[in-house]
Amino acid sequence: MSIALNHITLSYGSRTLLEDVTAAFAQGSLTALIGRNGTGKSTLLRAIAGLGTTVSGDVALCGRPLASLTPHELSTTVGFVTTDKVRIANLACEDVVALGRAPYTNWIGRMQEADRAVVERSLRLVGMSAFARKTMDRMSDGECQRVMIARALAQDTPVILLDEPTAFLDLPNRYELATLLRRLTRDEGKCILFSTHDLDVALSLCDSVALIDTPSLHHLPAGEMVGSGLIERLISGENARFDPEEFDSPMGYERRGRKRGAKKEDGRPESKNAPPNTPPTGEKTFRGADPRVYPKAAKAVSSQTTEKK
């Protein structure tokens, strides 16, 4: 396993966030880490990256205990993209990405031809080759996020961690970024773990979902997480709910429940062009539509978002 958590306990100050948690994340997998604010998503990611400590238990990366890795070994094993907005004036994108090659350069930081080739390839993989000489202070949030992912790719680590990479992005860019991450796990064999509040992205594009329900961590395949009841418990209130029967099944499996054109329990027909199972007025339902499987639904959601701006 690329990431293994062995009976770890995490705390923030005097408050216990996770207790006796054991989980594993495989090579070539994309996992979304979800949970309410303040439950320890960022703390867990930092502990896996070696930037934080555990109260008890241990973390293993690629079969080796995290505590046994030297700083150089750690830098070639795990890459970390934070949630901070990065705006570096007077520094071209390719120079930012080149920072990921620091573990491989000589003592004065001089890059070789092989390093430059890695930088070019990393920019190409995230679709940012045309922005190589552009400075990040003149780019959008989505473009900057892609550059930081390219930096992590240039670092050439088997494990990549991202803290809320879809934050501050609009709906189309959220799906586009998550699709990019999924492609990297397939084409590059990376193990990618990222925190997010976007349930639609987590459940429709990821292989598995890790849900923090303090002090526990539940890790299940995305399809199983939908019907597990864990998300209903996470999202429960007067103004919001999660209905697994109204969710478009992850990874292109058949939708659960009614056939298209059938009437719902409240008598409303399925709309052919609108997002599936639109909730009654005043009620917010968390769900998602995989744009690869339901392009009309994704297009309708995107157009509605644009009209509101």
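**Chatting through a predicted model**

Reader: Hi! How many helices and strands does the protein have?

Author: The protein has 10 helices and 12 strands. Those are DSSP runs, numbered from the N terminus: helices are H or I with at least four residues, strands are E with at least two. Keep in mind that this is a predicted model, where local features need pLDDT of at least 70 and side-chain atom pairs count only at pLDDT 80 or more, while totals for chains, interfaces and linings use all residues. Residues are numbered from 1 along each chain as its sequence is written, and side-chain values use heavy atoms, with hydrogens and water left out.

Reader: Got it. What share of the residues is buried?

Author: Of the 309 residues, 47% count as buried. Buried means under 20% relative accessible area, exposed means over 50%, and partly exposed is in between (1.4 Å probe, protein chains only).

Reader: And what about the accessible surface of the protein, how much is there?

Author: About 15200 Å², and 51% of that belongs to carbon and sulfur atoms. The areas come from the Shrake-Rupley method with a 1.4 Å probe, and for residues only the protein chains shown count as cover.

Reader: Let's zoom in on β3. Is it buried or exposed?

Author: Buried: 5 of the 5 residues of β3 (residues 30-34) are, so the strand is largely enclosed by the rest of the structure. Both of its faces are covered, with Leu-30, Ala-32 and Ile-34 on one side and Thr-31 and Leu-33 on the other.

Reader: Which strands is β3 joined to by bridges?

Author: β3 runs parallel to strand β8 (residues 191-195), with 4 bridges, and Leu-33 stands opposite Ser-195 there. Another 4 bridges join β3 to β9, also parallel, where Thr-31 has Ser-208 as its bridge partner.

Reader: And over at β6?

Author: β6 is joined by 4 bridges to strand β7 (residues 159-163), and the two run parallel. Phe-80 has Leu-161 of β7 as its bridge partner.

Reader: New topic: which residues touch the most other members of the largest nonpolar core?

Author: Met-136, Val-147, Ile-149, Leu-162, Phe-194 and Ile-231, out of 54 residues in that core. Helix α5 (residues 141-154) gives the most to this core, with 8 residues. There is another core apart from it, of 28 residues, including Leu-5 and Leu-217. A nonpolar core is a set of buried Ala, Val, Leu, Ile, Met, Phe, Trp, Tyr and Cys residues joined through side-chain atoms within 4.5 Å.

Reader: What does Met-136 touch?

Author: Not counting residues up to four places away in sequence, Met-136 touches Val-86, Arg-87, Ile-88, Leu-91, Cys-93, Val-96, Cys-144, Val-147 and Met-148. Contact means heavy atoms within 4.5 Å.

Reader: Salt bridges next. How many does the count come to?

Author: The count comes to 12. The rule is a side-chain nitrogen of Lys or Arg within 4 Å of a carboxyl oxygen of Asp or Glu. One of them joins Arg-133 and Glu-94 (2.4 Å, N to O). This pair links distant parts of the chain, 39 residues apart: Arg-133 sits in the loop between α4 (113-125) and α5, and Glu-94 in helix α3 (residues 93-98).

Reader: Is Arg-133 buried or exposed?

Author: Exposed, at 56% relative accessibility, whereas Glu-94 is partly exposed, at 27%. Glu-94, Asp-95 and Arg-133 are linked in a network of salt bridges.

Reader: Last one: is Asp-115 buried or exposed?

Author: Asp-115 is buried, with a relative accessible area of 6%. Asp-115 is found in helix α4 and, leaving aside neighbours within four places in sequence, is in contact with Arg-101, Tyr-104 and Thr-105.

Note on methods. Pairing = 2+ DSSP bridges.
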